[in-house]
Amino acid sequence: MKFNRQHIPGLTLAFTLSLGALYAAGLPWFSQLGLSALTLAIVGGMVLGNTVYPRIAVHSHAGIAFAKGHILRLGIIMFGFKLTFQDIAAVGVGGILIDACVLTSTFFLAFWLGRRKLGLDEQSVILIGAGSSICGAAAILATEPVIKAQAEKVAVAVATVVVFGTLAMFLYPLLFSMTHALGVSEFAFGIFTGSTVHEVAQAVAAGRAVSEQAATSAVITKMIRVMMLAPFLLILSAWLNRRHNSNKGSDSDKRPITIPWFALGFLAMAGFNSLSWLPQAWVAQLIALDNLLLAMAMGALGLTTHVSAIRKAGSKPMVLATALFAWLLIGGTLINSGIGYLIRS
């Protein structure tokens, strides 16, 4: 899809939505709740999408589709500027193992419980599982083009991240007050926070409610979890292609392996950022631009999300998200404690 003049109305609308979301996210009330610009963008998009947008959809559709496709992929690639490979060294092998175990166990639990026990459709299960196990709305956004998910299912998955990520921000400081008496350090609790809380902003808020040391280790651990998004997308894409091809009888029906190149671009940007060749002021501007691009994509998704379709999803997505949140608390505690014990011994 090449850019042309027909994209301008829709892109202007998505751009305006993203600016409003970025401004609102910077307000004290929203920032204290850990509501990121991505979340606010999709909420604003849904409000407009179910009120005034249908009247102008004919003129804006091309630009909105461009934002959900090309702008989204560019935003995921530039997301790499938020990471460096040096972050990995800050929490050591233990932090990496904890993140890997939390991610894989949470996603496999989501797939088993969602498909086998709740009977949810595969797209919803993958989106909710990715949001809970990796990095919230950003992971859901990145997974959407790989599985070609419907906008309504994306919105439902984002809603689960908002609900339980917000709950975690208030619950985790209370958990620390109980576990600190048992000898859990602020640094260790920060690793637990970063490995189990959904969104980056939510992990920061929960960590800072404990201490700056907890916030630092929470952010580093969380960003390592974010870095695992790229291999997750590659493995997911390969698995979907292999399963599709195994179900086809002849070679003519089989499709070639599709690689989500934006995931590799994301890793490449993280690697480039690790070299520290760019001034920090430039990196900060690139991160700000990336926030704008991702908010545009999220706003565009919100504009094409119908509330009636979300209602049809029923209570099962929230039941799945509740179970995953419980696992992040209980299973995350066991994983952090077990790996921490192995590392110390």
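Before the helix packing, one definition: axes here are lines fitted to C-alpha atoms, for helices over the stretch in contact, and angles run from 0 to 180 degrees between N-to-C directions. This is a predicted model.

With that in hand, take helix α7, residues 137-147, and helix α12, residues 229-246. They pack at an angle of about 25°, and their axes are 10 Å apart. Angles under 35 degrees count as roughly parallel, so α7 and α12 are roughly parallel to each other. The crossing of α7 past α12 is right-handed.

Which residues meet there? From α7 we have Ala139, Ala142, Thr143, Val146 and Ile147; from α12, Leu229, Phe232, Leu233, Leu236, Ser237 and Leu240. On the spacing: an α-helix has 3.6 residues a turn, so residues three or four places apart point the same way.

Is α7 buried or exposed as a whole? 11 of its 11 residues are buried, so α7 is largely enclosed by the rest of the structure. The buried residues include Glu144 and Pro145. After α7 comes lysine 148, with a positive phi near 55°.

Now the preceding stretch, helix α6, residues 122-135. At 1.5 Å a residue, its 14 residues should span 20 Å, and the end C-alpha atoms are 19 Å apart, which agrees. 14 of the 14 residues of α6 are buried, so this helix too is largely enclosed by the rest of the structure.

What caps the N-terminal end of α6? Aspartate 121 does: one of its side-chain oxygens lies 3.3 Å from the backbone nitrogen of glutamine 123. At the other end, α6 is followed by glycine 136, where phi is positive, near 65°.

Definitions and conventions. Residues are numbered from 1 along each chain as its sequence is written. This is a predicted model: local features need pLDDT of at least 70, side-chain atom pairs count only at pLDDT 80 or more; totals for chains, interfaces and linings use all residues. Side-chain values use heavy atoms; hydrogens and water are left out. Helices (H or I, at least four residues) and strands (E, at least two) are DSSP runs, numbered from the N terminus. The expected span of a helix is 1.5 Å times one less than its number of residues. Buried means under 20% relative accessible area, exposed over 50%, partly exposed in between (1.4 Å probe, protein chains only). A polar contact is a pair of N or O atoms within 3.5 Å; within protein, one must be able to donate a hydrogen and the other to accept it, and residues adjacent in sequence count only if both atoms are side-chain atoms. Angles under 35 degrees count as roughly parallel, over 145 as roughly antiparallel, 65 to 115 as roughly perpendicular and the rest as oblique. A crossing is left-handed if the near helix is turned anticlockwise from the far one by less than a right angle, and right-handed if clockwise. Contact means heavy atoms within 4.5 Å.
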